[in-house]
Amino acid sequence: MGMKAIVESEVFPSLEAFVDRVCFVYALQYSQVPSFTVRIARTKALLYGSAFGVEVTKVGSRADLAKETFFFQDILAYALIGIHPHERRRKQRVRVNAMVTRRMTRQQPLDFRVLEQRIFDFVEDSKCLTVEALASEVASVVLSFLDDKNAAVTVRILKPSAILDADSAEVEVTRTLHDFRSKPSASVALTAASKVSKAVQSDIVDGPSYSHLAPGSSPLQHALPHRAAIAIGANIGDRFANIECALRLLESSALDTQSWTGVQRIVVVDTSFMYETAPMYVKDQPKFINCACMIETDLKPRELLSYLKQIEEAVGRTATFRNGPRAIDLDIVTYDDIVLDTRPEWSRTNLDNLQGELVIPHPRVVEREFVLRPLADMIPNYVIPGTEKTVGTLLSEVVIQPTPSDAMHKVVPFPHYPLPHVEKDPTRPEVRLPPVPPTATYWTYPITPRASSSTQSPHKTYIMATLNATPDSFSDGSVHYALPDALSYAAGAVAAGANIIDIGGYSTRPGAAYVSPEDEFSRVVPVIQAIRDGGGVPTPTLSRQSSLKAKIAQTLISVDTFRWEVAEEAVHAGANCINDVYAFGGMEYPPNEASEVHFAKMRQVARDLAVPVVLMHSRGLAAENKDYAAYEYARDATSGRGAVVEGVRVELGAKVERAVRGPGGIRRWLVIVDPGVGFSKTLEGNLELLRDAASVVAEYPPHLTNASLKGAPAERPERNPLAGYPLLIGTSRKSFLGAVLQRPDAAGAGYYEGRETRPDERDFATAAAVSCAVQQGANVVRVHDVLGLGDVVRVASALWS
């Protein structure tokens, strides 16, 4: 069997498995050869490098491999490097090549993309004086990642701008773990010095010190005793980025406000939805973005206030007039159950003398809808001290009449990727925080879901175009698999009015072939990069072509993946959103230990990237696990409906709660929920879910409160955990529509006998489902035919909004 036959006839989960198979076949065919070497490289599969690969040497027909080498070629990055003053002011381009040699092991495949990202991030953040030092430190990064005492890494770094008469200056070093364990590296020494400095600083701050913790231990392992609600607002600059920056600084440290590092004494454990609101007191200023968070801390109220003021200053707040515009505003609304007023008693007759003072609960909380609504998202039953009323009750008293549509609505911000390259200022202290992406755009949607409102508030239904960069899509086969075809679809979708393009590289149809992470990455990322470049757009006139290219380059992109590695690389390449059909849990059902690890990693990646995520309800593979008997208690006796909707609320709700709440949670305002039409539901279950989609994200109806239910599990939440989230509905061309079209008309109703349909013959059927989704208040619909179904959305919106 030759190489071509191997490639075309088999599927391999990793590059290592592929090279093992090649070695096995060659050893059988050429058993007389004493030894041979196989080298396989993958090109155009990395975000920063030109190729990666594996090289193995096999001795005769023996089963073992004598030597195994992994390599990266030409990872392009920019580093602050050199001894001259001008070299310390501006980064220079470097190319990094790395080769790891070790004895043959076959435990876990090497995660090339993660290691590439580690190398790239380190080089971008480095401040070495010489290329030799940088090469040695990169070797340390690689060896630490592998943690293999038998491995040796060779790093070759090229600095093209170093010598005018040569292509580049080159340095090559070879290191093992022993080289670094014998003496501390420069980075280790700096870390040690930093720990000493922070231990001294901790003595200054009133509160418990964590300097006694063992190296590497986390303060999150120790409960922080106090719980506080922080109201957040911004109305100038990049409002969304300002808020995310403030939250990251809030969680960084309460010790060192110069470098924002140190022991974590504040943890964000919950966030609200995000709202755009009209100014309340001073009308002549930009609209505010308002939200809130719950924190746990060991700081006392005055210490917390002081730290919040330092964050405001760091983000860019400057003094203005009272209730005037600000880049960021952080207010303590509640702190445990205390009532506190630091002003002298004789001066508490009004609220005009709060400058430099602290009043808890916030003195104006009872009159501010833009504070009470975010609090109600998190703690609706909390009784505000001094009022003897819950947050929910106070909100209902403020909102006597429906909120005018232009006064307040919810928002979902989308960040701009890829991140712009920013030169670092070597004179300023380095801030060790994940970068905060700038904002590309944001979507708005009504405060109250359709099923929870007595009025039909106007809303926009956004259109998500479906681009399957796969050879085996259920809906369009391999029509858009080639890059030119994918770009042609993207251009047509943008011209037809798509608000976002969802790009997938792994088909979820029943029986779809396994796709390795490398293959999924290589299918998706080039399409994203090409779209960000404007994609080749053939249009009649130059001016029109220029305009469309700009629109294509700026359009929002979602990556349809359940793998954190693919999601991370896709976003770095230019995606703005993650669409996960397994809601972070992976494809295993029922969930197992691997599912928990997968969930935690997806959550961390989404949190660090600060991108919206679409979390969909499913139970493993799409065609399986359709039994909802456990939710019969919610079935309506009259209509016979309710069990499937309840199952979605409980099961997807549990995942959303885990994603949002607790340390390291993603922001509530970045979650979009998808009930999973067509996944793990029968035909009747899909119809029920579509017909009653509004109730998925509404508060429980009165007859479904826990007090009135019999047979409901004890762990069923008192409130619908999905209430208030934006809703995405995806019905386009799905098999349940084909099942409906197979049904003959009822006797006497006509002559239609039913027919088999291909997915691409179901666009008219999809139109009916999309119209129903709009009527149910869907905020996003996912479709294939953007032009035709966009017309359906527009007419349905005119009817139902």
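Q: Let's start with lysine 655: what is its relative accessible area, and how does that count?
A: Lysine 655 has a relative accessible area of 21%, so it is partly exposed. On this scale buried means under 20% relative accessible area, exposed means over 50%, and partly exposed is in between, with a 1.4 Å probe and protein chains only. Before we go on, this is a predicted model, where local features need pLDDT of at least 70 and side-chain atom pairs count only at pLDDT 80 or more, while totals for chains, interfaces and linings use all residues. Residues are numbered from 1 along each chain as its sequence is written, and side-chain values use heavy atoms, with hydrogens and water left out.

Q: Thanks! Where does lysine 655 lie?
A: Lysine 655 lies in helix H16, residues 643-660. Helices (H or I, at least four residues) and strands (E, at least two) are DSSP runs, numbered from the N terminus.

Q: And what does lysine 655 touch?
A: Leaving out residues up to four places away in sequence, lysine 655 touches Tyr582, Ala583, Gly585 and Phe599. Contact here means heavy atoms within 4.5 Å. The C-alpha atoms of lysine 655 and phenylalanine 584 are separated by 7.9 Å, although these residues are 71 residues apart along the chain.

Q: New topic: threonine 334. Buried or exposed?
A: Threonine 334 is buried, with a relative accessible area of 3%. This threonine lies in strand E11. Not counting residues up to four places away in sequence, threonine 334 touches Arg227, Ala228, Ala229, Ile360, Tyr382 and Ile384.

Q: What comes between strand E11 and strand E12?
A: A loop, and aspartate 336 is found in it, between E11 (329-335) and E12 (340-341). Phi of aspartate 336 is near 50°, a positive value in a residue other than glycine. Aspartate 336 is partly exposed, at 24% relative accessible area.

Q: How does glutamate 388 count, buried or exposed?
A: Glutamate 388 counts as exposed, at 67% relative accessibility. Its phi is near 60°, again positive in a residue other than glycine. Glutamate 388 lies in the loop between strand E14 (383-384) and strand E15 (389-390).

Q: Okay, helices now. At what angle do H3 and H14 pack?
A: Helix H3 (residues 112-125) and helix H14 (residues 564-573) pack at about 45°, and their axes are 10 Å apart. Axes are lines fitted to C-alpha atoms, for helices over the stretch in contact, and angles run from 0 to 180 degrees between N-to-C directions. H3 and H14 are therefore oblique to each other. Angles under 35 degrees count as roughly parallel, over 145 as roughly antiparallel, 65 to 115 as roughly perpendicular and the rest as oblique.

Q: Which residues of H3 and H14 meet?
A: From H3 they are Arg113, Val114, Glu116 and Gln117, and from H14 they are Trp564, Glu565, Val566, Glu569 and His572.

Q: What about H14 and H15, how do they pack?
A: H14 and helix H15 (residues 593-609) pack at an angle of about 10°, with axes 9 Å apart. That makes H14 roughly parallel to H15. Trp564, Ala567, Glu568, Val571 and His572 of H14 make the contact with Lys601, Met602, Val605 and Leu609 of H15.

Q: Why is H12 described as largely enclosed?
A: Twelve of the 16 residues of H12 are buried, so H12 is largely enclosed by the rest of the structure. Among the buried ones are Phe521, Val524 and Ile528. Just after H12, glycine 534 takes a positive phi of about 100°.

Q: And how many residues of H4 are buried?
A: Twelve of the 16 residues of H4 are buried, including Leu134, Val138 and Leu146. Just after H4, aspartate 147 takes a positive phi of about 50°.

Q: Last one: which residues does the cis peptide bond at proline 418 join?
A: That cis peptide bond joins tyrosine 417 and proline 418, with omega about 0°. Proline 418 is found in the loop between strand E16 (408-415) and strand E17 (439-445). The peptide bond from tyrosine 589 to proline 590 is also cis, with omega near 0°, and proline 590 is in the loop between strand E21 (577-580) and H15.
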